[in-house]
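Let's take a look at the charged pairs in this protein, and then at one of its helices. Here is the structure to follow along with.

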Amino acid sequence: MDDLTLRALNLVEEAQAGAAARVLAVAEAALREPTGEISDGPAAMHFARVVALTRLDDLPAAIAAAGLMLTAADREGSAGWRSCALSLRATRRLRLGDQDIAEYDIEAVLRDLVSAEIALLADEPDPVIRGNAHTGIAIGYAQLRLYELAVPQFQAAYEATCRASYPDNGNRAMWLCNLAELNLIWALELYQIGQVAEAEKLTTVAEEYAVRAAAEASGPRAQVWRLSALLYAACSRADRQDPAEAAADIPRYVALLKGYGLKEQHQELLLCRPFHAVALRRSGRPDEALRVIQDAVASLAPDTDWLISAALHRTHAVLLAANGSPDAVPGLTYGDALAELLWRQRQRWLHTAMTMQSYDVLRWQHEQAEQAAQTDPLTGVANRRGLDTFLQTLAASGTAAEQPVAVLAADIDRFKHINDSLGHATGDDVLRAVAQLLTSNVRTGDLVARLGGDEFVAILPGAGTVAATEVAQRVVRAIAGLTAWPVRVRVSVGVASGRAYSFEEALTRADSAMYAAKRAGGNRASVSA
């Protein structure tokens, strides 16, 4: 994790801890540093800005900020930040739709979440960014109750924390707790539609995650995560083995967590109440079960998650009906019918998301295959086919007629001697190094291609002779600075630029200038006459 990412994540923690206004000011100042425009700043700082705006409850601005983050991530070529930007935009859109039905757009939310998944098919080397990306997708799917899609994302986030380079900040236990919690919520919804056996399978899975979380808790909040995990494990046992032990453990862990500042209205504590009531009822203590659930219902806040609220009310109705209350039966019947309708809605969303996934994965695979066909496998730059595609696109855009296009032809000096004296494996390393330096010294939007052997070409749209010569000289100096091998690596570069001739003629002229540079001793740039 680089310093910029660390700084941004620290700002995110500050914003979540209540300092959102200060974080917004700091993030915007950092974003303006490169050019004076917020849009031109790094994706990491856009991330902090999105979170700060969300904490300040300015969801339209947060959605717009996520769009700027997406542009920055694409500019930086970061798969992880791109994924984070998409999932941030999705979850903010979802929240805005909850507040204003005119803003409700489930298809746009699903499109962003699926696109965030597809972005991670590309490599993201930073495990912290990758972990945050998977978590953002998981949260979005969980908010839509698409449990089947959320679980693998939380699992992937956990796996990111297992890398040696990941800091020991307690996230491993956090994501295992998230998996336990998600399976418990999933089970609650299944109970509401009468799928008891499937619900019990999920509570078994929840207990496994919770036990692992308790064992792996670490970092500054280790005890909180350990207690949360033990609470979830106790909830998981309420509907299965030893309900009496669960009935004793749940209130004990709740009391301990309250000692760490969790309020009665906290989702984590409310989630455990239906399980506590079930454990008490199954232990032969129906009156206590009813009191527990009545107290929980009375403490519900307006912003309580609707699924947990529904589970509490349904458990209350079930206990009242079991105690012989005739008034509970109509409400229970109505609630079960509504739960079934909501489950069917969830299934439709799941089908839509999975269809989007299948289509996008196929498209991504096709794009990867096409890219591979246009890429030199040794050096990673374009091959001749990739060069031709680039030139065709450039010609179709009208660039050749409207502005100059420069061509650099580069050839490694005495490359045969490098191969003969150091071996072909070293020769391949030299080719890769030269390709990398060519790529890093041209501009964004330029193309570097390997034509074969040790011959490379670079296309610089919009560059005149002076600008192209400066690039060529920079390339010559950079390659001359390579010191990894006992033989010094040198390169000759030919430059051609102009509007009047075709690309093929430009290539020919640049090639002639390159040979002129070689005849003059190599390790230099030469401009076509």
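Start with arginine 363 and aspartate 360, whose side chains meet in a salt bridge, 3.5 Å from N to O. Keep in mind that this is a predicted model. Both residues sit in helix α16 (residues 328-373), and they are three residues apart, which is about one turn of the helix.

Arginine 363, at 40% relative accessibility, counts as partly exposed.

## A pair that reaches across the sequence

Now for aspartate 413 and lysine 518: their side chains also form a salt bridge, at 2.9 Å from N to O. Aspartate 413 is in the loop between β1 (405-412) and α19 (415-422), while lysine 518 belongs to helix α22 (residues 503-519), so this pair ties together parts that are 105 residues apart in sequence.

Lysine 518 comes out at 23% relative accessibility, so it counts as partly exposed.

## Other salt bridges

Glutamate 288 pairs up with arginine 285, and the closest N and O atoms of this salt bridge are 2.8 Å apart. Here glutamate 288 is partly exposed at 30% relative accessibility, and arginine 285 is partly exposed too, with a relative accessible area of 32%.

Then there's a network of salt bridges that links Glu207, Arg237, Asp239, Arg240, Asp249 and Arg252. The total count of salt bridges is 28. As background, side chains of opposite charge can pair when their charged atoms come close.

## Back to helix α22

With 17 residues at 1.5 Å a residue, α22 should span 24 Å, and its end C-alpha atoms are 24 Å apart, so the two agree.

Which residues of α22 are buried? They are Phe503, Ala506, Leu507, Ala510, Ala513, Met514 and Ala517. Seen down the axis of α22, these buried residues fall within an arc of 125°, so they line one face of the helix. Over on the other side of α22, Thr508 and Arg519 are exposed. Just after α22 comes glycine 521, which takes a positive phi of about 115°.

How values were computed:
Residues are numbered from 1 along each chain as its sequence is written. This is a predicted model: local features need pLDDT of at least 70, side-chain atom pairs count only at pLDDT 80 or more; totals for chains, interfaces and linings use all residues. Side-chain values use heavy atoms; hydrogens and water are left out. A salt bridge is a side-chain nitrogen of Lys or Arg within 4 Å of a carboxyl oxygen of Asp or Glu. Buried means under 20% relative accessible area, exposed over 50%, partly exposed in between (1.4 Å probe, protein chains only). Helices (H or I, at least four residues) and strands (E, at least two) are DSSP runs, numbered from the N terminus. The expected span of a helix is 1.5 Å times one less than its number of residues. The arc is that of the directions from the helix axis to the C-beta atoms.
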